[in-house]
Amino acid sequence: MKEYKGANSFLSERQTVVTIGTFDGVHVGHRKIIERLVNSAHANNLDSVVLTFFPHPRMVLQKESGIQLINTIEERKRLLEETGIDHLVVHPFTQQFSRLTALEFVRDILVNKLKAKKIIIGYDHRFGRNRTADINDLRQFGKEFGFEVEEISQQDVEQVAVSSTKIRNALLEGRVERANLYLQHPFTLNGTIVKGRGIGKDLGFPTANLEIEEDYKLIPKNGVYVVSANIDGDRVFGMMNIGTNPTVGGKEKTIEANFFELDKDLYGKQLEIEMLVRIRDEKKFDSVDDLKIAMKQDRAFSLQYIKDNYA
């Protein structure tokens, strides 16, 4: 897969099949569209192109919405690369770009820059200034500029019954198993391991504190989760707490993972943590001893879950 920072830098000797979207999560519904894109490109001796945008349009046009995304842009790129597409164009979404008319977008971006011979798009896709144009307008442009339009029907979309919004809601409710089912891969958190307060170690459960740089990344509901990570080539399991650690007087929200059977210094390491299942809510216990008892129960639950699902 070749990656481009904007349509202006796109290079291909062949004409293309293009699909357009934000693709947050790269979920099962997205993959259905992209599979159709790749197959169509192969069948017609064309290159496959995914045109996506960053920042997310709502981050630019509705800043007050505070949208949280399933993927950081780097996570999205990695997931899209797995789909087998030829080209990924990440176009900067700006106020100026949002003011392009439908004609300007189709003529200047899709046709002149991306060499579109065919465009595959959802039945409800809207584009152009104020999102006023729809698939019927795109078909008219197709006649004018010589490209074909293939529609992902409402029936096809609704058969999948998945949306990025459903996945975000599932994560915000702590239902990571449901989210992972929609995604067809584990939801992940990527960041740097930083020094914490050292309380986990004092309790007998040393933790790796994950710091996530991207403030738009969605963090699931506070609580305790079973997790895994690839550390120096080995898959390691553990449990992770998202929250403020109220029993020990915590105020700031932290993400702390206790990896089982791991004796390594992780400070400064970049880590991708897969979230597998939620164990319980975070709560304030009456004493530190009660917290330790709960953490031992969390560990026992985690080890049983891992044995049942990954042994």
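**Pocket lining and sheet**

Reply: In this predicted model, the lining of the largest pocket divides into 19 nonpolar, 16 polar and ten charged residues.

Me: What makes a residue part of the lining of the largest pocket, and which residues are closest to its centre?

Reply: A lining residue has an atom within 4 Å of a point of the pocket. The largest pocket holds about 1400 Å³ of space. By that criterion 45 residues line the largest pocket, and Ile20, Gly21, Thr22, His125 and Arg131 are the closest to its centre.

Me: Which helix supplies the largest share of the lining?

Reply: Helix α1 does, with five residues. Other elements that each supply at least two residues include β2 (16-20), β5 (116-122) and α8 (164-172).

Me: How do you know that β5 and β6 are paired?

Reply: Pairing requires at least two bridges between two strands. Strands β5 and β6 have five bridges in the parallel sense, and therefore they count as paired. Within this part of the sheet, glycine 122 stands opposite isoleucine 152 in β6.

Me: Why is one side of β1 and of β6 left without a neighbour in the sheet?

Reply: The six strands form an open sheet with parallel pairing, in the order β1-β4-β3-β2-β5-β6. Strands β1 (2-4) and β6 (148-152) stand at the edges with a single partner strand each, so one side of each has no neighbour in the sheet. Neighbouring strands of this sheet are turned by 20 degrees against each other on average, direction ignored.

Conventions:
Residues numbered from 1 in each chain as written. Predicted model: local features only at pLDDT ≥ 70, side-chain atom pairs only at ≥ 80, totals over all residues. Heavy atoms only, no water. 1 Å grid on protein atoms, 1.4 Å probe; cavity = no way out; pocket = protein on both sides within 12 Å on 5 of 7 lines; lining within 4 Å. Points joined across faces, edges and corners; volume = space filled by probe spheres on them. Helix = DSSP H or I, 4+ residues; strand = E, 2+ residues; numbered from the N terminus. Nonpolar A, V, L, I, M, F, W, Y, C, P; charged D, E, K, R; others polar. Axes fitted to C-alpha atoms, helices over the stretch in contact; angles between N-to-C directions.
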